[in-house]
Amino acid sequence: MPSNTFRQNAAGIDWYCELRGTGPTVVLIPSGEGDCASFGTVAEALADDFTVLTFDMPGFSRTTAPPNFGPVNATLLADQIAELVQGLGMTPATFYGCSSAGLAVLSLSTGHSEIVRNGIVHEAALVNEFGLPEVAEAQFGLSRLDDEVIVGICKDLFRNKLNLNPQLWDHVGPEYHQRLEKNYVTWVRHYVWRGLEDHDYNAEDLTRRPIAWSIGGFSEVWLGIANLRVAQRANINVEVLPCRHFPQVEIPEVLANHIRKHAAR
């Protein structure tokens, strides 16, 4: 099903958006790469049953940066996305996100529960939760490097370490990867720092709206444990998917079925 592309102003940002299908709303939030092209197969699969909205994130690819673009945290991401989706009149919605987008989904469920039908989270970037300061420091240290070095490091990280099958990452397309070269720098300069995870999600937060949670069976152990630790505060069952960090790229059909199952509840 072809997508309807359009632009929408919200939160002082000119958003690039894609819309497919009809039915209850599902919002697919891009993670650290910031570009919605990786959701193409998943969005098309869901469009038979849902209205599927996705977009490039603020400051990434085809979406403009917000005013006074500084360090980004999960609460800010949730506020920006909430204003966009409310402005489009597409609430309540199911929200899906992995990594930093997983934090955004948790913060939407916490701070904007009135617009959330349910949340679907894969491997939220709970770096602080596991108590590995060296991981956070390594990420923060990227910001001290120049742009060319950042691009080289991030190309390897996203392709070879966060994906189980690098060829599937390549298959998203050359235009996508060309846009990502600028996005990697934006990610490091504005999103990768100690304050992205700005909230301790307690049991009350995690039960305001239904949350489906998953981790990748082939991902780093510390990231899975961090997600399990937080989910257990509200006795949320955590499913294991046959992937690493980006199921929308690695197992799009499996992810579409996972989202469909939980969004239909």
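Author: Accessible areas come from the Shrake-Rupley method with a 1.4 Å probe, and for residues only the protein chains shown count as cover. On that basis the protein has an accessible surface of about 10700 Å². Carbon and sulfur atoms hold 52% of it.

Two notes on the source. This is a predicted model, in which local features need pLDDT of at least 70 and side-chain atom pairs count only at pLDDT 80 or more, while totals for chains, interfaces and linings use all residues. Residues are numbered from 1 along each chain as its sequence is written, and side-chain values use heavy atoms, with hydrogens and water left out.

The protein has eleven helices and eight strands. These are DSSP runs, with helices (H or I) of at least four residues and strands (E) of at least two, numbered from the N terminus. The C-alpha trace spans about 45 × 40 × 35 Å along its principal axes.

Next, burial. Of the 265 residues, 55% are buried. Buried means under 20% relative accessible area, exposed means over 50%, and partly exposed lies in between (1.4 Å probe, protein chains only). Among contacts with a separation of 6 or more, 75% come from residues 24 or more positions apart. A contact means heavy atoms within 4.5 Å.

Here is the core itself. A nonpolar core is a set of buried Ala, Val, Leu, Ile, Met, Phe, Trp, Tyr and Cys residues joined through side-chain atoms within 4.5 Å. The largest one has 79 residues. Those with the most contacts inside it are Leu 28, Ile 29, Phe 55, Ile 81, Phe 95 and Trp 213. In soluble globular proteins, nonpolar side chains tend to be buried together.

Take Phe 95. Beyond its neighbours within four places in sequence, Phe 95 is in contact with Val 27, Ile 29, Ile 81, Val 85, Val 105 and Leu 108, among others. Ile 115, Val 116, Asn 118, Gly 119 and Ile 120 are also on its list.

Ile 120 leads on to His 258, which touches it. His 258 also touches Ser 214, Glu 239 and Leu 241, again not counting residues up to four places away. This histidine lies in helix α11, residues 252-263. Its relative accessibility is 4%, so His 258 counts as buried.

Leu 241 gives a distance to Cys 17. The two are 224 residues apart in sequence, and their C-alpha atoms are 28 Å apart. Cys 17 is in strand β2, residues 13-20. Its relative accessible area is 0%, so Cys 17 is buried. Its contacts beyond four places include Asn 4, Thr 5, Phe 6 and Gln 8. They also include Leu 53, Thr 54, Phe 55 and Leu 84.

Tyr 191 is another inside residue. Tyr 191 sits in helix α7, residues 174-191. At 3% relative accessibility it is buried. Beyond four places, it contacts Met 57, Pro 58, Phe 60, Phe 69 and Val 72, among others. The C-alpha atoms of Tyr 191 and Gly 32 are 7.7 Å apart, across 159 residues of chain.

A cis peptide bond joins Thr 91 and Pro 92, with omega about -5°. Pro 92 is in the loop between α2 (74-87) and β5 (93-99). Ala 11 is not a glycine, yet has a positive phi of about 55°. Its loop runs between β1 (4-10) and β2. At 25% relative accessibility, Ala 11 is partly exposed. Asn 68 also has a positive phi of about 55° without being a glycine. Asn 68 is in the loop between β4 (51-55) and α2. Its relative accessible area is 78%, so Asn 68 is exposed.

Arg 159 lies in helix α5, residues 147-161. With 25% relative accessible area, Arg 159 is partly exposed. Beyond four places, Arg 159 contacts Pro 166, Gln 167, Trp 169 and Asp 170.
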